[in-house]
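Here's a quick tour for anyone meeting this structure for the first time. Take a look at the sequence and the fold, then read on.

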Amino acid sequence: MSEIITKNKQYLVKSQYGSYNINNKHTAEKLHQVLTDYETINKQYKKTEQTLDKVTKTIIQLQMSLTILQDDLDKIKKELNI
């Protein structure tokens, strides 16, 4: 997460995306909030992407299982001449 470091009348806003020297406290706080929001959104996006990947893999597994079951059912029907 980002942080604000005060040195004299200078404000250093640090985050994993870089460090920014700001002269105005209000601007430094605003940048800090924007960076924090971005980091939060980025983490949520990554979690959503992981969840979507798991759901996609599960759907593929279910489709494969359904295909196998359908093939088995077709074999049984063929043997019973239905």
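The protein chain has 1 helix and 3 strands (helices are DSSP runs of H or I with at least four residues, strands are E runs of at least two, and both are numbered from the N terminus). Going along the sequence, the order is β-β-β-α. The radius of gyration of the protein chain is 27 Å, well over the 12 Å that the globule rule gives for 82 residues, so the chain is more spread out than a compact globule. That radius is taken over C-alpha atoms, and the globule rule is 2.2 Å times the number of residues to the power 0.38.

A word on where this comes from: this is a predicted model, where local features need pLDDT of at least 70 and side-chain atom pairs count only at pLDDT 80 or more, while totals for chains, interfaces and linings use all residues. Residues are numbered from 1 along each chain as its sequence is written, and side-chain values use heavy atoms, with hydrogens and water left out.

Back to the overall form. Along the principal axes, the C-alpha atoms of the protein chain fill a box of roughly 90 × 15 × 10 Å. Of its 82 residues, 13% count as buried (buried means under 20% relative accessible area, exposed over 50%, and partly exposed in between, with a 1.4 Å probe and protein chains only).

Now for the strands. β1 (residues 3-7) and β2 pair in the antiparallel sense over 5 bridges; two strands pair if DSSP finds at least two bridges between them. T6 has Y11 in β2 as its bridge partner. The hairpin of β1 and β2 has 2 residues between the strands, and N8 takes a positive phi near 55° there. β2 and β3 also run antiparallel, joined by 5 bridges, and they form a hairpin with 2 residues between them. Here S15 has G18 in β3 as its bridge partner.

Y17 sits in the loop between β2 (10-15) and β3 (18-22). Together with Y20 and Y38, Y17 makes a nonpolar surface patch of about 300 Å². Patches are made of residues with over 30% relative accessible area and no salt bridge, with like charges joined within 9 Å and nonpolar side chains (Val, Leu, Ile, Met, Phe, Trp, Tyr) within 5 Å.

What about the helix? T36 is found in helix α1 (residues 25-80). Leaving aside neighbours within four places in sequence, T36 is in contact with M1 and S2 (contact means heavy atoms within 4.5 Å). Further along, the side chains of K57 and D53 meet in a salt bridge (3.4 Å, N to O), meaning a side-chain nitrogen of Lys or Arg within 4 Å of a carboxyl oxygen of Asp or Glu. K57 and D53 are separated by about one helical turn, because they are 4 residues apart in helix α1. I68 is also found in helix α1. I68 and K43 are 25 residues apart in sequence and 38 Å apart in space, C-alpha to C-alpha.

| Residue | Relative accessible area | Class |
|---|---|---|
| T36 | 14% | buried |
| Y17 | 34% | partly exposed |
| D53 | 40% | partly exposed |
| I68 | 52% | exposed |

How values were computed
Areas by Shrake-Rupley, 256 points an atom, 1.4 Å probe, with all protein chains shown as cover.
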